[in-house]
Amino acid sequence: MDIRTRAVHVVNEPFGEGSWPLSVPIVQSSAFGFGSAGALADAMGGPDGQYVYTRRGNPTVRALERTVAGLESGAAAIAFASGMGALSGMLLSLLKPGDHVLAQRCLYGGTYSVLSDLARRFGVEAEYLPGGDAADVEALMRPKTRLLLLETIANPTGQVPDLPVLTAAARRCGVLSLVDNSLASPVLCRPIEHGADIVVHSTTKYLAGHSDVLGGVAVFADGGLHRRVWGRTVELGATADPFAAWLTLRGLATLPLRMRQHCSNAEVIAERLARHPAVRAVHWPWLPGNPSYATARTVLSGGGGMVTCELTGGRAAGRGFIERVRLARLALSLGGVETLISHPASTSHRELDSQALAAAGVGEGTVRISVGIEHAEDLWADIEQALDAS
Ligand code: PLP
């Protein structure tokens, strides 16, 4: 069925006989009672058994996991307390000291920080791809390479890697591909259909979509890998809370509608920014002339809601602009219904030194706009007045 249908019809469990609630019940319980010691012992086996303890599984959380796994064309999923919980849960479950990770050059700052920390404290080396060819991946592979880490739409530069080509190169070398799909969402791209082994999301962003809940999820192409990783993530304990899972499910139902509006608004904003004299460059993957344009047209079914631009006046211009907008809110997150603006060099990417910032394509004048679902003309009027005053 189409994703618009699947987003509304949550994969829920049967609820008694006769009638049942249309909304997934919030099972706000940390533990589950049993009638016999044997039944409790039997339930301890794995991710599909009876519910025992919410860190190991919960009906509301499982409804979210099954629904997102379905939307992402995966076999199974694990929900987490945040996107970083999902990412670090995967890295800590899959890697050991001495391992090597290949990653795309431009990544969300938090991912970059966790990779740097793993290198310093646990001897897991991260190396960044110079370009986007299969040859780059194959040339950098080592016997200890365990993971290829990519973002479908890189935060904040909007770079789109050629997923089928890069995941195939990793597979030829026996290496797992992990793709952060937070900025595309399964509406615009399902990386498992392009060869990814694991997809992670900050569900805080488009999946939940209303700036009211933190969450993360990891979706697995293969049920066997899900089972192996599940046991470790249960021990790490960054589990999703049932109420957070419920809020995320509530947001998911409108994800396809919201994504359509985010994309069409972003197109208007990107095109007009590109013509404004105060703007040196605009990064939106579906904008003709963008370096990722050709790849984005094959891998994504829309350009996404994040538009990044470089202002001619550098850091001062960037900071001044984000303080002058009135409708758009100055805030760190993205993917919510309201338009949010931020300055990555001083916020999400502040852990990167100037060399790493330059390599990732983030400048002092870079401004990130998470275009919301308001009316495009109202948004442009706000952005234009803030630019004209610069
Ligand atoms: N991945 C991407 C691409 C992000 O943009 C973010 C947050 O901005 C994260 C992961 C981390 O998500 P969370 O803030 O839910 O931990």
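1. First, a definition for the strands: two strands pair if DSSP finds at least two bridges between them. Helices (H or I, at least four residues) and strands (E, at least two) are DSSP runs, numbered from the N terminus. With that in hand, His100 stands opposite Thr145 in β4. The strands here are β2 (residues 100-103) and β4 (residues 145-151), which pair in the parallel sense over four bridges.

2. A quick word on the model. It is predicted, so to speak of local features a pLDDT of at least 70 is needed, and side-chain atom pairs count only at pLDDT 80 or more, while totals for chains, interfaces and linings use all residues. Residues are numbered from 1 along each chain as its sequence is written, and side-chain values use heavy atoms, with hydrogens and water left out.

3. Now the seven-stranded sheet. It is open, with mixed pairing, and its order is β1-β7-β6-β5-β4-β2-β3. The edges are β1 (76-80) and β3 (125-128); each has a single partner strand, so one side of each is left without a neighbour in the sheet. From one strand to the next, the twist averages 20°.

4. Two helices to look at on that sheet. Helix α3 packs on the sheet and touches β1 and β7 (216-220), with its direction at about 130° to that of β1. Contact means heavy atoms within 4.5 Å; axes are lines fitted to C-alpha atoms, for helices over the stretch in contact, and angles run from 0 to 180 degrees between N-to-C directions. Helix α4 (residues 83-94) packs on the sheet too, touching β1, β4, β5 (176-180), β6 (198-202) and β7, and its direction makes about 150° with that of β6.

5. Have a look at Val175, in the loop between α7 (163-172) and β5. Val175 is buried, with a relative accessible area of 4% (buried means under 20%, exposed over 50%, partly exposed in between, with a 1.4 Å probe and protein chains only). Leaving aside residues up to four places away in sequence, Val175 touches Met141, Thr145, Arg146, Leu147, Leu148, Ala170 and Asp197. The C-alpha atoms of Val175 and Arg146 are separated by 5.2 Å, although the two residues are 29 apart along the chain.

6. Back to α3, this time with α10 (residues 242-252): their axes come within 8 Å and cross at roughly 35°. Among the residues making the contact are Val61, Leu64 and Val68 of α3, and Ala245, Trp246 and Leu249 of α10.

7. There's a second open sheet, with five strands in the order β8-β9-β12-β11-β10 and mixed pairing. β8 (279-283) and β10 (329-330) are at the edges, each with a single partner strand, so one side of each is left without a neighbour in the sheet. Strands β11 (residues 340-342) and β12 (residues 366-370) run antiparallel and are joined by three bridges, with Leu340 having Ser370 as its bridge partner in β12. Helix α13 (residues 314-324) lies across β9 (306-311), β10, β11 and β12, running at about 135° to β9.

8. Last, the rings. A search of the whole structure finds three aromatic pairs. In one of them, the ring centres of Phe32 and Tyr51 are 5.6 Å apart and the planes are at 35°, so the pair is tilted. Rings of Phe, Tyr and Trp (its six-membered ring) pair if their centres lie within 6.5 Å; planes under 30 degrees apart count as stacked, over 60 as edge-to-face and the rest as tilted. Tyr51 is buried, at 15% relative accessible area.
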